[in-house]
Amino acid sequence: MKIGVHPNNLHLRLARLWPGAFVDLQPIFVSYAEGRDTAALLESGDIDLGGTGSTPPIEADMRGLGVEYIAASAPRPANGAIFVRSDSPIGSVAELKDRRISLVDGSFHTYLLARSLEGEGMSLPDVERVESGARDSLADLLEGRVDAWVAMSPRLEKALERDDVRLIVRCGAAIPNRSLFWTLERNGLSAAEIPAVVSELSRIGNEIAADPRTAARLLASGDRGGSGDRGGTDIDAWEKVVRSRDFTVFPIDDEIIAEQQEEADTLLRHGHFAKPIVLKRPEMTK
């Protein structure tokens, strides 16, 4: 099985380094740059399984690719936030109107921003979204090229320790922020492979939670396949990241699909999507 690994999915990033991970599925771990590339790699057959935030699989379904959800993490309310400069006149989300906001657009950042704005009677067109890509968004914020920054781990934890930036909203106040593990129906994972994937993700997650220091050491040492942290995070900082999140993994169920449907409907209301979509419940994909 070809399993995709990108820097921002820590569960699969650690699985690549974890002893005995997915051994019964004869894994080939394939490194790539970011979660938004997952659909294209699944479509081309370069990977059989990927893990991302909630938005990329919805984007893939909008393209008609036929997403099959495999598993989901527990909510990760700490793994996303919106920051402004400490000296900024912006005191809350309500004051983001017409401001420039740095984010990885088409990731969970977009949904976090949409839900945060919606809570203040605004929508995505009320702000200017600035694609951050692999740039140093913190520098863009501090040097005034953007007015706000949507951040995620491990840069988020570093930002929380600074006195020149200020938090205005945390992920858990707006969205569940789960990791989703998924494939495409055309890839044809078997009835035996799917529960095996869920079981391995769950086992690895439990072992990570039981030994966060080892997990932190693996992340800090870097992934020889190219998925190392671009930010040079040390072991102690990684341990804080690992301890801050729940690595529990569940099989996909109707509750998760309902959350995904709510996101799809929200992004439609905000004009991010041009047409509605009805996501398939798990029993509909059998």
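I began with helix H10 (residues 254-269), which has 16 residues and reaches 22 Å from its first C-alpha to its last. That is close to the 22 Å expected at 1.5 Å a residue, taking 1.5 Å times one less than the number of residues. Helices (H or I, at least four residues) and strands (E, at least two) are DSSP runs, numbered from the N terminus.

The model is predicted: local features need pLDDT of at least 70, side-chain atom pairs count only at pLDDT 80 or more, and totals for chains, interfaces and linings use all residues. Residues are numbered from 1 along each chain as its sequence is written, and side-chain values use heavy atoms, without hydrogens and water.

Next I traced an open sheet of four strands, order E3-E10-E4-E11, with antiparallel pairing (at least two DSSP bridges between two strands). Strand E3 (50-52) and E11 are at the edges with a single partner strand each, so one side of each has no neighbour in the sheet. Three bridges join E3 to strand E10 (residues 180-184), and Gly 51 has Phe 181 as its bridge partner in E10.

Last, I checked Arg 245, in the loop between helix H9 (235-243) and strand E11 (249-251). Arg 245 is buried yet has no salt bridge (a side-chain nitrogen of Lys or Arg within 4 Å of a carboxyl oxygen of Asp or Glu). The nearest side chain of opposite charge, Glu 157, is 5.8 Å away; Lys and Arg count as positive, Asp and Glu as negative, and His and the chain ends are not counted.

Conventions:
Buried means under 20% relative accessible area, exposed over 50%, partly exposed in between (1.4 Å probe, protein chains only).
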